[in-house]
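This briefing is meant to be read with the model open alongside it.

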Amino acid sequence: MFRYVPDGLPAGRPLVVALHGCTQSAAAFDAETGWAAWADRWGFALLLPQQQSSNNLNSCFNWFEPADIRRGSGEALSIKQMTDRMKADLGSDPARVHATGLSAGAAMTNVVLAAYPDVFASGAPVAGLPYACATTVAAAYTCMSPGTSLSPAAWGDKVRAAHPGYMGPWPTVSVWQGTGDTTVVPANMTETVEQWTDVHRTDATADTTDTVAGYPHAVYRDSAGRPVVETYSITGMGHGQPVDPGTGGEQCGTAGAYILDVNLCAAYRIGQFWGLDGGTQPPGGGTRTVVLPSRAADDGYVKASATGTGPAVGTLEGTYGVAVGRGSDGLHNRALLSFDTSPVPDGATVKRAFVSVTYASGSGDPWAAGNRMVLDVRSGCFGASCATGADDWSAGASASGVAEIGRFASGAATSTDFTAVNDTGTTQVRLRLTSAPAATAYVFLKSGASATLTVEWE
């Protein structure tokens, strides 16, 4: 594990994980690719995992070994653990963790995006291969050339199987490929696009196309118009990372083995797509996205009678989280989730927002007889303080019943969309049932990193 941290980097900044290619090292993948320079300029931390020759004689990440590409196993887990260590040491923003890599590092980028979509918000494979394209060495060479063709649904199923039950949000992906690459042939860009567009439930037909520095660039949007996948096809380029050495505002890198001067800095364009530049609109559109984990210290739930009398703060258990519905004690529960929405720029136009929650435990069916679980949203804090208090039960909302979470009994669920988001500080969400169940019927939801607020704005 190697890292580059700009002097004086404050907490709450993004983190980029950069994965080198075969025969390369971490030391040859920071300044050479331009990532270290953008870390200084834009203010983010850079994590550079390095393969060991004892794991792979050519220093390739083992993107084709089943034990290394599963969630909770092997090299994918090792990279995730390094990422956790960086976040803990530096206080990195958990909603702005991104991964990129070249060749085997690009294939491993797709691995960590698939295995840990709850950790990585975005990724950028450069000359890479789709997730789970191969599970043997022989199949790996076939994937590299001439390539392996599957249907978009088959590719998407491989990603969905990497984290069963995960309901999103899924990472956005910037895919880069040289048209003259004979090591990892260009067909792999097509298959990678099919994989990630299917995961995002959209098609593999570009919604917009243009050229950047003379090279074809395409953007694929989901049903809400959000850019979820983009591609850069570098005409004539062989196998390597695109750079544009120089001191200009969009230039970066140093040419070398597999670091190719094509008058286009990939790190700059990828950083823009991820929003690392702190304000420049991403290529292909003006929509920006942030995924925010709930602020666990202020999460909780309030118990009261069916009529709302005698509210009291519930006992928050680390195992189960926050409760919604009628408990076995006959009291009724409303859950509070708190989010720091200050990353949304002041005055931004919120296009949509939605809450994703994860099931922990439950009893009965809170949705029985047509009952509904709805969200009240408050710009600021419901009660006298942001910490959960008895006054949160009935405190007024900025938008009441503005969204809904449908029935689920495992995994994760996502609310319908709303736009009431505070762009200057805290946004709190209260989850409640519209009717008081006549018998025990409740669900416990995990808080912290397992409960997220996704905000899209222009």
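Glu404 and Arg372 pair through their side chains in a salt bridge, with an N to O distance of 3.1 Å. The model is a predicted one, and the protein chain has an average pLDDT of 93, with 97% of the residues scoring at least 70. Over residues 279-285, however, the pLDDT is below 50, although this stretch has 20 contacts in the model beyond near neighbours in sequence. Where pLDDT is low, the predicted coordinates should not be read in detail.

**Salt bridges**

- Asp376 forms a salt bridge with Arg432, in which the closest N and O atoms are 2.6 Å apart; because Asp376 lies in strand E18 and Arg432 in strand E21 (residues 426-433), the pair ties together parts that are 56 residues apart in sequence.
- Both Asp376 and Arg432 are buried.
- Lys303 forms a salt bridge with Asp329, with 3.1 Å between the closest N and O atoms, and this pair links distant parts of the chain: Lys303 is in strand E13 (residues 300-304), and Asp329 is in the loop between strand E15 (322-326) and strand E16 (332-340), 26 residues apart.
- Lys303 is buried, with a relative accessible area of 17%, whereas Asp329 is partly exposed, with a relative accessible area of 45%.
- Asp222, Arg226, Arg352, Asp417 and Glu456 are linked in a network of salt bridges, and the count for the structure comes to 20 salt bridges.

**Disulfides**

- The structure holds four disulfides, and when the bonded cysteines of the protein chain are numbered in sequence order, the pairing reads 1-2, 3-4, 5-6, 7-8.
- Cys22 and Cys60 form a disulfide with their sulfur atoms 2.0 Å apart, and the torsion about the S-S bond of this pair is about 125°, so the disulfide is right-handed.
- Cys22 lies in the loop between strand E2 (15-19) and helix H1 (35-42), and Cys60 in the loop between strand E3 (45-48) and helix H2 (66-69), so the pair ties together parts that are 38 residues apart in sequence.
- Cys22 is partly exposed, with a relative accessible area of 24%, whereas Cys60 counts as buried at 10% relative accessibility.
- In the disulfide of Cys133 and Cys143 the sulfur atoms are 2.1 Å apart, and the S-S torsion is about -105°, so this disulfide is left-handed.
- Cys133 is in the loop between strand E5 (122-126) and helix H5 (137-144), and Cys143 is in helix H5, 10 residues apart; both Cys133 and Cys143 are buried.
- Cys252 and Cys265 form a disulfide with a sulfur separation of 2.0 Å, and the torsion about the S-S bond of Cys252 and Cys265 is about 100°, so the disulfide is right-handed.
- Cys252 lies in the loop between strand E10 (241-243) and strand E11 (259-261), and Cys265 in the loop between E11 and helix H8 (266-274), so the pair ties together parts that are 13 residues apart in sequence; both Cys252 and Cys265 are buried.

**Helix H3**

- Helix H3 (residues 74-90) has 17 residues and reaches 24 Å from its first C-alpha to its last, which is close to the 24 Å expected at 1.5 Å a residue.
- Glu75, Ala76, Ile79, Met82, Thr83, Met86 and Lys87 are buried in H3, and, seen down the axis of H3, its buried residues fall within an arc of 140°, so they line one face of the helix.
- An α-helix has 3.6 residues a turn, so residues three or four places apart point the same way.
- The buried residues of H3 pack against strand E1 (2-4), E2, E3, H2, strand E4 (97-102) and helix H4 (104-115).
- Just after H3, Gly91 takes a positive phi of about 65°.

Definitions and conventions:
Residues are numbered from 1 along each chain as its sequence is written. This is a predicted model: local features need pLDDT of at least 70, side-chain atom pairs count only at pLDDT 80 or more; totals for chains, interfaces and linings use all residues. Side-chain values use heavy atoms; hydrogens and water are left out. pLDDT is the predictor's confidence in each residue, from 0 to 100. Contact means heavy atoms within 4.5 Å. A disulfide is a pair of cysteine sulfur atoms within 2.5 Å. Helices (H or I, at least four residues) and strands (E, at least two) are DSSP runs, numbered from the N terminus. Buried means under 20% relative accessible area, exposed over 50%, partly exposed in between (1.4 Å probe, protein chains only). A salt bridge is a side-chain nitrogen of Lys or Arg within 4 Å of a carboxyl oxygen of Asp or Glu. The expected span of a helix is 1.5 Å times one less than its number of residues. The arc is that of the directions from the helix axis to the C-beta atoms.
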